[in-house]
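These are my notebook entries on one structure, written down in the order in which I looked things up. I keep the sequence and the model in view while I write.

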Amino acid sequence: MDEQTRQEIKELAASNGVRIVGTGVFMTDQPEEWEQMFRFAQSMEMEFITCEPALKDWDLVESLAKKYQVQVSVHNHPQPSDYWKPELLLDQISGRSPIIGSCADVGHWKREELNQMECLKKLEGRIVFLHFKDIAEKQAGEEEQHDVIWGRGILNVKQMLRELKRQKFKGVFSIEYEYNWDHSVPDIKQCLDYFEQVCEEILGNTTNLLSNLF
């Protein structure tokens, strides 16, 4: 993307009250592509890159994160991802800069038969970003437990938000809703409504929280 196009996108976003905070999920087997991605993220004034680095590239990724002051948010795709459970990520980053952390996909953890609450606790202090969702009960013959409107599934959204409050999490939530794809906006609005309702309950007086954010 040339510099003029980047500037036009930033101006268009700003004119609509939108701040571009991250990109991803980025994966590559070519080490030279990492600097290109970090340079792009910095030029777009992003906070983080969501990615799944090859294990051999960690020293490079850490050095570039420090150089460009862009956070690294590591996603947990299901197996055979190198990061499908928190322990695998922590093995790679525990001794590294705090600029590196997790893009916590709470639904993928549950789909891998992990306890999402325990996973959040294990990553305390290292959560940069969340692919936040609620999912359905596992159905016979279904390839993957699909997303549902928050509060109607099996992930206990309220409990997860309480845990993130306990951790004093101050990062970004992504509403990841990949069900009812062609008509999903009303469902996503209901997710936002539920988020506001729970935030009012656990944070106190947050009237018009969403109207102040969006």
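Entry one, a helix pair. I looked up helix α2 (residues 32-43) and helix α3 (residues 58-68) in this predicted model, and I found that they pack at an angle of about 25°, with their axes 10 Å apart. Axes here are lines fitted to C-alpha atoms, for helices over the stretch in contact, and the angles run from 0 to 180 degrees between N-to-C directions; helices (H or I, at least four residues) and strands (E, at least two) are DSSP runs, numbered from the N terminus. I note that α2 and α3 are therefore roughly parallel to each other, since angles under 35 degrees count as roughly parallel, over 145 as roughly antiparallel, 65 to 115 as roughly perpendicular and the rest as oblique. Their crossing is right-handed, a word used if the near helix is turned clockwise from the far one by less than a right angle, while anticlockwise is left-handed. The contact (heavy atoms within 4.5 Å) is made by W34, E35, F38, R39 and Q42 of α2, together with L60, V61, L64, A65, K67 and Y68 of α3. I sorted these residues into seven nonpolar, one polar and three charged, where Ala, Val, Leu, Ile, Met, Phe, Trp, Tyr, Cys and Pro count as nonpolar, Asp, Glu, Lys and Arg as charged, and the others, Gly among them, as polar.

On the basis of the notes, I record that residues are numbered from 1 along each chain as its sequence is written, and that side-chain values use heavy atoms, with hydrogens and water left out. Local features need pLDDT of at least 70 and side-chain atom pairs count only at pLDDT 80 or more, whereas totals for chains, interfaces and linings use all residues.

Leaving aside neighbours within four places in sequence, E62 is in contact with R96, S97 and I100.

The contact is made by V157, K158, L161, R162 and K165 of α7 and by Y194, F195, V198, E201, I202 and L203 of α8.

I found Q145 in the loop between β6 (134-135) and β7 (147-148), where it is buried, with a relative accessible area of 9%. A polar atom of the Q145 side chain lies 3.1 Å from the backbone oxygen of A136.

A cis peptide bond joins G24 and V25, with omega about 10°, and V25 is found in strand β1 (residues 22-26). Another cis peptide bond joins Q79 and P80, with omega about 15°. N156, in the loop between β7 and α7, has a phi near 60°, a positive value in a residue other than glycine.

Terms used:
Buried < 20%, exposed > 50% of the residue type's maximum accessible area, 1.4 Å probe, protein only. Polar contact = N/O pair within 3.5 Å; in protein donor to acceptor, adjacent residues only side chain to side chain.
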